[in-house]
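The sequence and structure are shown first.

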Amino acid sequence: MKTFRINLLALLLLMGGYFLQAQSPDFAELGKRIATTSANIKPGDVVVIYGGKHTIDLMEAVAIEAQKQGGIVNLFLETDPITYSLFHDVPDEYLNMDRGNYFKAWFKEIDVWIGLPGSENFQLLYKDVPEEKFALIRKGNESFTNSLNDSKVRGVFVAYPSEYQAADAGLDFGTFEKMQWAAVNADYSKIAAQAKKLEAMLLKSKVVKITTPGGTDLTFFVNSRPCFIDDGVVTEEDAQKSLIFLRTVSLPGGNVFTTIIENSGKGKVVVTKTKCNYGTIRNISLEFKDGVMQNLQAVEGQACLTDIFKLQNGDYNKIGGFSIGLNPALKVMQAGDQDFRWDSAAGMVYLAMGDNSIFGGQNEAEGQFSYSFPLTDATVSIDGVVVVEKGALKL
């Protein structure tokens, strides 16, 4: 998942997060933390708590604590069969209906959105769904997502475990669960301090350079573009900011994302492995000239990428942004069948292409399409100062 966050966070009604419970979770304590610290719920706040059947216990705990803080609580429930039907049964003519006006009006009445995953078995739901259907749904939601920055909503996206997620990552559930719980309980004050340091460097930077042992050698400019810091808490200051993702956090969190000067990307990118529609793509190479992607190739699985990109319109092939993960409890795992590379894992780097308009950038792609490439073992330098070295944070 967690790749370019716009793919998930912009479509608020179709998403939650990935908050993983411990073997014996204290939902009451966790619900209190989410309501009082992460979401900072105030008396009179209209609070929507969204999730799936498998997350009801935690939804209930959050709702109880939100009420105790004076929140006006609404619970929205999703199920795997409902989501499956949307992608497999609903006629295409209904998928791209403009739902924006309804949702724009509705969101004006909401102060806090707390999202848990509405679905449990993502592979069952999304594997082999044609890209055309995703494109139609994105198009139907476009006018709504364009209006998110005008809303007052602050969001907390909370992850929740399932054995299906662990299997998708090639991990046993015990390892998966234990790691996620540790990530939720990471030292967020330290993460916030690292994020602020990184933000200060990026805001005054002239050149950012990314290299990898596999052959990536890319430079670009950030200049004074805003940084989007995910440190697990929406502060009073955050809640007043104009861009939606400046007032949105995740649990587990720990990530800094920024847009890139769109025509500044220059050089080569090599990705050893990633996923496309739950299939593996290996040895991807592409080049950027004036920020535009060129010469996309892959030794294995290229057809999936080709099918995705050929359907897009607008700035889908332009460099959009990049992120650096900061959470020390989330470990990148790629041995054998393992493929765990969440964007919040410490030292994990993602390069995003496509629409970045909701982040204040200049790229506009139909349906706000975006795609992210994982750069494992990356070295990142900002004006010559190394902040990530071969996948290890140096802050």
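L218 stands opposite G267 in β10. The two strands concerned, β6 (residues 217-220) and β10, are antiparallel and joined by three bridges. Strands here are DSSP runs of E with at least two residues, helices are runs of H or I with at least four, and both are numbered from the N terminus; two strands pair if DSSP finds at least two bridges between them. The model is predicted: local features need pLDDT of at least 70 and side-chain atom pairs count only at pLDDT 80 or more, whereas totals for chains, interfaces and linings use all residues. Residues are numbered from 1 along each chain as its sequence is written, and side-chain values use heavy atoms, with hydrogens and water left out.

Between β10 and β11 there are nine bridges, again antiparallel, and V269 stands opposite L286 in β11. Two residues separate the strands of this hairpin, in which N277 adopts a positive phi near 50°.

Four bridges connect β5 (residues 208-211) with β16 (residues 379-382) in the antiparallel sense. Here V208 stands opposite I382 in β16.

C276 and C304 form a disulfide with sulfur atoms 1.9 Å apart, the cut-off for a disulfide being 2.5 Å. The pair links distant parts of the chain, with C276 in strand β10 and C304 in helix α13, 28 residues apart. The S-S torsion is about -75°, so the disulfide is left-handed. C276 is buried at 6% relative accessibility, whereas C304 is partly exposed at 22% (buried is under 20% relative accessible area, exposed over 50%, partly exposed in between, with a 1.4 Å probe and protein chains only).

## Nonpolar cores

A nonpolar core is a set of buried Ala, Val, Leu, Ile, Met, Phe, Trp, Tyr and Cys residues joined through side-chain atoms within 4.5 Å. The largest has 69 residues, among which I114 and F322 touch the most other members. A second, separate core of 19 residues includes F107, L243, F257 and F359.
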